[in-house]
Amino acid sequence: MSDGDVQMKSATTVAATSEPAIVFDRVGVSYGRGRKASVALADFTLRVAVGETVALLGPSGSGKSTALKALAGFVRPTTGSVRLAGRDVTDLSPAKRGIGVVVQSYALFPHMNVHSNVAFGLKSHRVPRGDIAARVTEALDMVGMGGYAKRLPRELSGGQQQRVAIARALAIKPSVLLLDEPLAALDAQLRHSMLGELQALRKALPDTAMLYVTHDQAEALALADRIAVMRDSRLVDIDTAENLWRRPPTDFTAGFLGGANLVPCTVNHVTGTAALVTAGDATLRAEAPQPGVGLADWAPGDDALLCIRPHTITICKPSERDAMRATVSTSVWRGATTRVELSVDGLSDALAADVAGHFTAEIGAVVGVKLPDPAGVLIPRAVGDTATNSGSAAS
Ligand code: ADP
Ligand code: MG
């Protein structure tokens with residue numbers, strides 16, 4: 001599928017209207033009934049434009065797969081509706097929705113060879129017999145599996161099986177492609193190369209809307225035009241990957257996407273997008289993002305969280321000019337970087353720093369710490385929010 005010149009047109013001709021390819025309209029899903037009912041998806045609203053890729057990113061159990069299943073027709077929404085190209089499909093059977101679906105476990109038929117697996121979906125979509133062989137070949141070529149048509153799934157590697165599963169989804173020329181953690185079962189190296197191939201596939205399918213479910217922020221950043229962050233059955237934030245990473249609207253997104261120190265602070269002064277804040281005994285410059293629709297402006301006296309990315313912190317000699325004094329609490333080598341937990345004089349919370357290479361320091365060693373300028377970006381602190389940096393800097 002790295003062949004950029006292979007192009008497939010969507011069978012469902014893209015309507016000349018501005019209807020989104022996918023609409024979730026206040027979708028709720030509960031599993032079980034009565035007192036045993038549990039909410040898996042609540043008030044979920046999302047629009048995906050024709051040709052757009054949106055990643056549903058969130059921890060395990062946050063409702064990502066449930067959202068995808070509601071769209072594919074595998075679960076029935078308890079409330080709300082789903083639309084494809086403007087058409088309400090909430091009550092339509094999965095096969096009639098014409099969606100391509102790829103799941104983590106590949107779900108290939110073990111007794112059928114690769115060709116038959118890909119042809120299966122075409123038969124159930126009533127593609128004329130005479131067209132099937134050509135369509136299968138076209139789909140297998142797209143994922144670089146043209147030479148494997150006669151193999152059985154068990155004669156393929158995990159990565160190859162997933163390519164076949166993708167070919168099977170593409171063969172019906174869907175205008176909507178859903179992928180549920182398609183790379184989760186692959187080892188790290190293969191996942192990386194498959195990511196590159198999925199990027200190429202996106203380019204080859206400019207009219208196909210994709211919904212890509214993952215718990216891996218790296219996959220979301222690599223593939224998505226926009227990322228929808230999910231937590232506890234709900235959508236928390238949605239924006240371009242760049243915006244969510246640079247100016248996370250919530251502490252949850254800051255921590256989940258990229259890892260962050262979230263230092264409680266008070267706003268002293270704001271001019272445009274530049275703020276001066278107090279954190280502990282320190283006065284720091286911070287970026288104050290323009291408030292969103294319906295959100296109040298930043299004002300002096302506001303409680304906020306200062307999001308400082310671990311990789312922007314530098315460690316130096318304590319005697320260096322402008323350095324804050326800190327004590328090393330832990331230091332964990334990760335290969336390319338070392339994660340150093342620091343207790344900084346004057347700050348109430350510990351800071352995590354990612355420094356290049358293998359940083360060796362005794363526990364308890366006194367070092368200097370320099371924050372970038374501005375030190376980070378402000379995030380609103382909700383009333384009763386107990387967020388501190390502990391744990392959220394995990395990345
Ligand atoms: P994710 O894909 O983000 O890991 P899911 O959508 O699979 O999350 O699950 C969301 C919640 O719904 C979880 O609490 C999960 O345990 C529950 N759940 C998922 N499928 C079922 C099911 N078939 N029956 C009952 N509960 C379910
Ligand atoms: Mg899931």
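Biologist: Which residues surround ligand 1?

Modeller: A residue is near a molecule if one of its heavy atoms lies within 4 Å of it. Here ligand 1 is surrounded by Tyr31, Ala40, Pro59, Ser60, Gly61, Ser62, Gly63, Lys64, Ser65 and Thr66. Before going on, note that this is a predicted model, in which local features need pLDDT of at least 70, side-chain atom pairs count only at pLDDT 80 or more, and totals for chains, interfaces and linings use all residues. Residues are numbered from 1 along each chain as its sequence is written, chains are lettered from A and ligands numbered from 1 in the order in which they are written, and side-chain values use heavy atoms, with hydrogens and water left out.

Biologist: How many residues of that shell are nonpolar, polar and charged?

Modeller: Ala, Val, Leu, Ile, Met, Phe, Trp, Tyr, Cys and Pro count as nonpolar, Asp, Glu, Lys and Arg as charged, and the others, Gly among them, as polar. The shell around ligand 1 has three nonpolar residues, six polar and one charged.

Biologist: Which helix gives the most to the shell around ligand 1?

Modeller: Helices (H or I, at least four residues) and strands (E, at least two) are DSSP runs, numbered from the N terminus. Helix H1, residues 64–72, gives the most, with three residues.

Biologist: Which polar atoms lie 2.6 Å apart at glycine 61?

Modeller: A polar contact is a pair of N or O atoms within 3.5 Å; within protein, one must be able to donate a hydrogen and the other to accept it, and residues adjacent in sequence count only if both atoms are side-chain atoms. At glycine 61, a polar backbone atom is 2.6 Å from an oxygen atom of ligand 1. A polar backbone atom of glycine 63 is 3.0 Å from an oxygen atom of the ligand, and serine 65 places a polar side-chain atom 2.8 Å from a ligand oxygen.

Biologist: How much of ligand 1 does the protein bury?

Modeller: Accessible areas come from the Shrake-Rupley method with a 1.4 Å probe; for residues, only the protein chains shown count as cover. Ligand 1 taken alone exposes 560 Å², and the protein buries 57% of that.

Biologist: What is the place of aspartate 187?

Modeller: Aspartate 187 is in the loop between strand S7 (176–180) and H6. Its side chain reaches the backbone nitrogen of leucine 190 at 3.1 Å. Aspartate 187 and glycine 159 are 28 residues apart in sequence, with their C-alpha atoms 9.0 Å apart in space.

Biologist: Which peptide bond is cis, with omega near -5°?

Modeller: That bond runs from aspartate 373 to proline 374. Proline 374 sits in the loop between strand S19 (366–370) and strand S20 (377–380).

Biologist: What is the phi of aspartate 43?

Modeller: Aspartate 43 has a positive phi of about 45°, although it is not a glycine. This aspartate 43 is found in strand S2, residues 38–48.
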